[in-house]
Amino acid sequence: MRSRSASAVAGIAAIALMATACNSDDSDGGDEGTAEGTLVIWSDPERADAIQGAAAEFAEANGIEVDVQGLAFDDIQGDLLNAHQAGNAPDVFIGAHDWTGNLVRNGAVTPVELTGDQAGGVDETAVEALSFDGQLFGVPYSQENIFLMRNTDLAPDAPETFEELVEVGTELKDAGDTSEVLAMAVGQEGEPFRMNALFTSAGGYLFGQDDTGTWDPSDLGVGSDESIAAMEKIAEYGEDGEGVLRRSIDTENDANLFYEEEAPFFIAGPWNIGDANEAGIDFEISPIPGFEGENPASPYIGYQAFFVTEGSANSALAQEFVTNYVTSTDFILSLYEADPRTPVQTEALESVSADDPNIAAIAEAGAEGMPMPSIPEMGETWEPLGQAQAQAIAGNDVREAMEAAHNTIAEQIGE
């Protein structure tokens, strides 16, 4: 099956109302990671102080201490799994939604319960992204997605289709106003994260989903006729075609092409906003346009969330914190002030968008996006798929490249 989200979205209300029994407080309170009377939270250092301050009210109301410990974000998942095995894991931790499948399969996290009102106040796709096998395993609070950034002096209007983008950019290039049509990183090894927007617009897919909305690794679509046709269409704009997409543009030079006004359009992310402002470029943000007459472009969306560790010594308090406190607007806004990420809580998003229109534009650009698959098998796809896409852009045989990538991925995930 290739249905992306209909069944999962339809089940969100059930997920939100689902009762989950809290774990009893029978684990060893002498463990190093957590002790009864102290709620231990793992976060990256950038947000640790903000969480500590924001959680002070919760601590006082419940007569406990809250200890927020800072770890490098990229280390949290691995350290959490090790600590969980050793019996000294934290009660709560921040993580990425695409960790969910691996965390669940390792028995490291427990389902969380949201009321209908709480779930209704959060972007429904975010709730879908944190769900696995029909259960919700984390409370999402922020999202991150790529978008089209354009120089409004060069391109006043947002293109409605990819063809229109190419037409406008080509006219500027032919007139000598720019040297590139589009700054989109491809690189020698490919960039599947960025390419997914065009890949899905043209009908390609990576994994299907089952009836619960869970990603299905047995439905691998890389070598399907739909995905091959999608890459053949994209390759028309590659090095043997229009020359819009090229391996010589990568993450080392794509941004500078835009900042130096050598490209009117840029496939960018939130991490580029600050530098674009410093460059003095007049820019606007809009959705990445899809192909004319095809599906909307669907960029990957990454969500960050608060998880409750399975077997926590303070499971009842941990559940209370993530469901009734992390979902509050005031808490989300306090985190935003320390680390400005697009909120998925509706009231918080409206509040920050009033002060920064770029936040609203980024969220709108992700409206047609898809959560990055959260199954462990996803990790085996990046390199083979990226290489196949780079070969297609280079002008090599698309079917041969995509079928080879499909076979490599299937072998690595055991399909």
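**Notes on strands, turns and charges**

1. Let me start with Gln143, whose bridge partner in strand 13 is Thr342. Strand 13 (residues 342–343) and strand 6 pair in the antiparallel sense over two bridges; two strands count as paired if DSSP finds at least two bridges between them. Helices (H or I, at least four residues) and strands (E, at least two) are DSSP runs, numbered from the N terminus. Please keep in mind that this is a predicted model, where local features need pLDDT of at least 70 and side-chain atom pairs count only at pLDDT 80 or more, while totals for chains, interfaces and linings use all residues. Residues are numbered from 1 along each chain as its sequence is written, and side-chain values use heavy atoms, with hydrogens and water left out.

2. Strand 6 has another neighbour: six bridges join it to strand 12 (residues 300–308), and the two run antiparallel. Here Gln143 has Tyr303 as its bridge partner. Strand 6 (residues 139–145) is largely enclosed by the rest of the structure, because six of its seven residues are buried. Buried means under 20% relative accessible area, exposed over 50%, and partly exposed in between (1.4 Å probe, protein chains only).

3. The hairpin of strand 8 and strand 9 is worth a look. Strand 8 (residues 207–209) and strand 9 (residues 215–220) are antiparallel and joined by three bridges, with Gln209 partnered by Trp215. Five residues lie between the strands, and Gly213 takes a positive phi near 90°.

4. Next come some backbone angles to inspect. Most residues other than glycine have a negative phi. Asp133, however, has a positive phi near 50°; this residue is in the loop between strand 4 (131–132) and strand 5 (135–136) and counts as exposed at 51% relative accessibility. Glu261 also has a positive phi, about 60°, although it is not a glycine. Glu261 is in the loop between helix 12 (254–259) and strand 10 (265–268), and is partly exposed at 37%.

5. The whole structure holds ten salt bridges, each a side-chain nitrogen of Lys or Arg within 4 Å of a carboxyl oxygen of Asp or Glu. One of them joins Asp225 and Arg399 (3.4 Å, N to O). Since Asp225 lies in helix 11 (residues 225–235) and Arg399 in helix 19, this pair ties together parts that are 174 residues apart in sequence. Asp225 is exposed at 52%, whereas Arg399 is partly exposed at 35%.

6. Arg399 also forms a salt bridge with Glu403, the closest N and O atoms being 3.2 Å apart. Both residues lie in helix 19, four residues apart, about one turn of the helix. Elsewhere, salt bridges that share partners join Asp44, Arg47, Asp339 and Arg341 into one network. Arg341 is partly exposed at 23%, while Asp339 is buried at 15%.

7. Finally, the loop between helix 18 (382–394) and helix 19 (398–413) holds Asp397, which is partly exposed at 46% relative accessibility. Asp397 gathers with Glu232, Glu236, Glu242 and Glu400 in a patch of negative charge on the surface. For such a patch, residues need over 30% relative accessible area and no salt bridge, and like charges are joined within 9 Å.

Technical notes: Patches are made of residues with over 30% relative accessible area and no salt bridge: like charges are joined within 9 Å, nonpolar side chains (Val, Leu, Ile, Met, Phe, Trp, Tyr) within 5 Å. Accessible areas come from the Shrake-Rupley method with a 1.4 Å probe; for residues, only the protein chains shown count as cover. Lys and Arg count as positive and Asp and Glu as negative; His and the chain ends are not counted. The place of a charge is taken as NZ of Lys, CZ of Arg, CG of Asp or CD of Glu.
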